[in-house]
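Work through these exercises with the model open. Try each task before reading its solution.

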Amino acid sequence: MAAKADIIAQLQKEILLLQGFKPASNDVTDWVGLEQIRSAFPNSTFPKGAIHEFFCTGPETIAASTGFITCLLSSLLKLQGATIWISSTRIIFPPSLKAFGIDPEKVLFINVRREKDKLFAMEEALKCDSIAAVIGHIDAISFTESRRFQLAVEQSKVTGFLLRCNPKNLITSCVTRWQITPAPGKTEDNLPGLGFPTWFVQLLKVRNGKPGSWEMQWRSGKLLIVPEPIIRVEPLRKIV
Amino acid sequence: MEKRYVAIWFPYLATDWLELRKPELKNSAFVFSAPSHGRMVITAVNLHAQKLLINTGMVLADARAIYPALQYFDDRPGLTNKLLNKIAEWCIRFTPFVAIDTPDGIILDATGCSHLWGSEDAYVSDIINRLQSNGYQAKAAMAASIGAAWAIARFGSAPVVDKEKQVTALLSLPVEALRVEQSTVDRLHNLGLNLIKDVVPLPSTSLRRRFGALILQRLNQLLGKEQEFIQPITPIEPYQVRLPCLEPVARIEGIEMALQTLIEQLCGRMQKEGKGLRTAVFRGYRIDSHTVEISISTSRASCNVSHLFHLFQMKWSTFEPDLGIELFVLEATQVEDYTPAQEGFWKESAALNDAPIAELIDRLSGRIHPDAIQRYLPMEHYLPERSFKKAASLSEQPITEWKINKPRPVLLLEIPEQIEVTAPIPDYPPMNFRYKGKLHKVVKADGPERIEQEWWIEEGEHRDYYAVEDEQGCRYWLFRAGHYDQEKKTDWFMHGFFA
């Protein structure tokens, strides 16, 4: 039985290799605290050099996705260097990125209104291999355009993130699809205040992997999974 | 061959320049002045002012006491040098060897040039006439030595002096013509030596002992006994390459080939000189006597052939060959020093001013407006909209730290939006608020954090910021403008969204 499982695992790895998912040799991914998520990805590595799309519904979810992406870039992928951010207007507050471990002065913001220009800028940026990551707020994208991004990324090994607000077209060639919604922040011992940024992270689709959902938190410079709350039964105090 | 030199003297160089720019000054007396030792001292005067006995070196207040209607302007440092440089470059039409003689003259090595004008007189008068028609008053003289030409231009009468008559012409000039320091000239006058001919018969040993070695050298240079050298200017050749065609070119392949060859030529030259181009224009002269052109600009100096070619290629659609183009011209209009960077062994983290990123920005700004590409740097302000500024260039580094001691929202609205709020007074966070028609019930809150308006920049009310979380767990940044007031309604605003 064990031999059979081994053979299947071996064959699966070969198929992944043929599909272009290489096990990263110089992987610097820091999986501490995120072991549960690791198994969701093909070859147990976060697919770099690919396009990831994030579905949003409004400014709250855009903010949550932005926070999550910056956490991914700084802590999980350890991508330091130039980042390009494409959106319609200046909406990101640059000083806040520093709190998530990204140097705001290394980010180039491209603010263009027309969707066509955004697509052009994103494709050109994805083709440039000196860039760590490209993040684009592009709502309307067709399958062909997402395929073009994918082809650009396969050459340059740049990681791309697409933030799509209320998207109409759901068929794209992105490797993963996420939905990040803000979750009530947790404070230690129910102290007053907002607590650490917490999100409900849903991995809706991942090619050759297992989708899942987790509650995650950005805490003292690390992305962590929030453990299931242990319901402590308070001993009833007897009133004498 | 016998050496011939022309010295040109501009007695009113700076003032002539201003008269050209402001023609209404033409018939009035005006001066340039600069502060020196706590007073304004005249540095240049025009002809009308000089007629009123106003001279350089005078204090401006004294001059205005002589002539109260005197107009005066601030001195522009470096102006005369710049003008002399330009005029010297223009003078290359008369001889290939032109040198600047600061502060107010130009020396031409006219050996073997004057016969092209027919005679030496015609040569010198052409120089003077052309300069005067351009608005500059000039005196010029031709002689066999630089010193003699200099002296005759300033103190002599005849513009052309033959070698044989040179010594006699010089002897009657004043000692100022020797080109020595003013203090030496004063001492010569005190001793009663007013003319050159008084100085020449004196023994050289006593001259050296009393006035230093310079006066002997100047005397010998004046009389042509000692050779003097000039340092000719070399004007920068424009970064321009041309490609004439035997047959008019109308096909895209031909134009591309022409552009490729021209870029290779220009980049080859710039690479040798350590330069890179910032802006360039590619022109096509069509056979119907129209000109078509496309221009590009780069974000940092570049002489990368394929990159520049690609930038031009993005603008092909506006380049219409029509019936055909017979001459291609590529000109680099703005050129900067270019230092090729050392390639690293392995890429650590790409800096923003790396060549590939600069080239990416050039490609992007070919289609989208360059202002749309921004980079932000921290500023020392507490008000969130002033806490960052647009960076001027890719290599500009932050001068202060980014502040992260207080939580800040990831998304910040450019203009805060007014919201309706129910809040207990005076300083409690709201219990609920209505934003874009949706009611949010506040569950948790942090604050207030008071941020004052910077009164030296803008007047306004202070803001009390609260970070609040609603029932869904969405986090917002709200603020109240000013204190609660009995008379007027207090305004609340939505300013940002936390991650």
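## Exercise 1: a serine at the chain boundary

Apart from neighbours within four places in sequence, A:Ser96 is in contact (heavy atoms within 4.5 Å) with B:Arg408, B:Pro409 and B:Val410. This is a predicted model, where local features need pLDDT of at least 70, side-chain atom pairs count only at pLDDT 80 or more, and totals for chains, interfaces and linings use all residues. Residues are numbered from 1 along each chain as its sequence is written, chains are lettered from A and ligands numbered from 1 in the order in which they are written, and side-chain values use heavy atoms, with hydrogens and water left out.

**Task.** Find the element that holds A:Ser96, and decide whether A:Ser96 is buried or exposed.

**Solution.**
1. A:Ser96 sits in helix 4 (residues 94-97) of chain A. Helices are DSSP runs of H or I with at least four residues, strands are runs of E with at least two, and both are numbered from the N terminus.
2. The relative accessible area of A:Ser96 is 2%, so this residue is buried. Buried means under 20% relative accessible area, exposed over 50%, and partly exposed in between (1.4 Å probe, protein chains only).

## Exercise 2: helix 6 of chain A

**Task.** Check the length of helix 6 of chain A, then work out where its buried residues lie.

**Solution.**
1. Helix 6 of chain A covers residues 143-156, which is 14 residues. At 1.5 Å a residue they should span 20 Å, and the end C-alpha atoms are 20 Å apart, so the two agree. The expected span is 1.5 Å times one less than the number of residues.
2. List the buried positions: A:Ser146, A:Phe149, A:Gln150, A:Ala152, A:Val153 and A:Ser156.
3. Look down the axis of helix 6 of chain A. The buried residues fall within an arc of 165°, so they line one face of the helix. The arc is taken over directions from the helix axis to the C-beta atoms.
4. Turn to the other side of helix 6 of chain A: A:Thr144 and A:Gln155 are exposed there.
5. Find the packing partners of the buried residues. They are strand 1 (51-56), helix 5 (115-127) and strand 5 (159-165) of chain A.
6. Inspect the end. A:Ser156 is buried, at 9% relative accessible area. Beyond its neighbours within four places in sequence, A:Ser156 touches A:Leu126, A:Lys127, A:Cys128 and A:Asp129. Just after the helix, A:Lys157 takes a positive phi of about 65°.

## Exercise 3: helix 14 of chain B

**Task.** How many residues of helix 14 of chain B are buried?

**Solution.**
1. Count along residues 355-365 of chain B: 8 of the 11 are buried, so helix 14 is largely enclosed by the rest of the structure.
2. Name some of them: B:Ile357, B:Leu360 and B:Leu364 are among the buried residues.
3. Trace the packing across both chains. From chain A come strand 2 (83-87), strand 3 (107-111) and helix 5. From chain B come strand 10 (291-302), helix 13 and strand 12 (373-378).

## Exercise 4: a lysine in strand 16

**Task.** Classify B:Lys444 by accessibility, then find its contacts.

**Solution.**
1. B:Lys444 belongs to strand 16 (residues 438-451) of chain B.
2. Its relative accessibility is 22%, so B:Lys444 counts as partly exposed.
3. Leave aside neighbours within four places in sequence. B:Lys444 then contacts A:Gly185, A:Lys186, A:Gly193, A:Leu194, B:Ala467, B:Val468 and B:Glu469.
4. Take B:Glu469, 25 residues away along the chain. Its C-alpha atom is separated from that of B:Lys444 by 5.1 Å.
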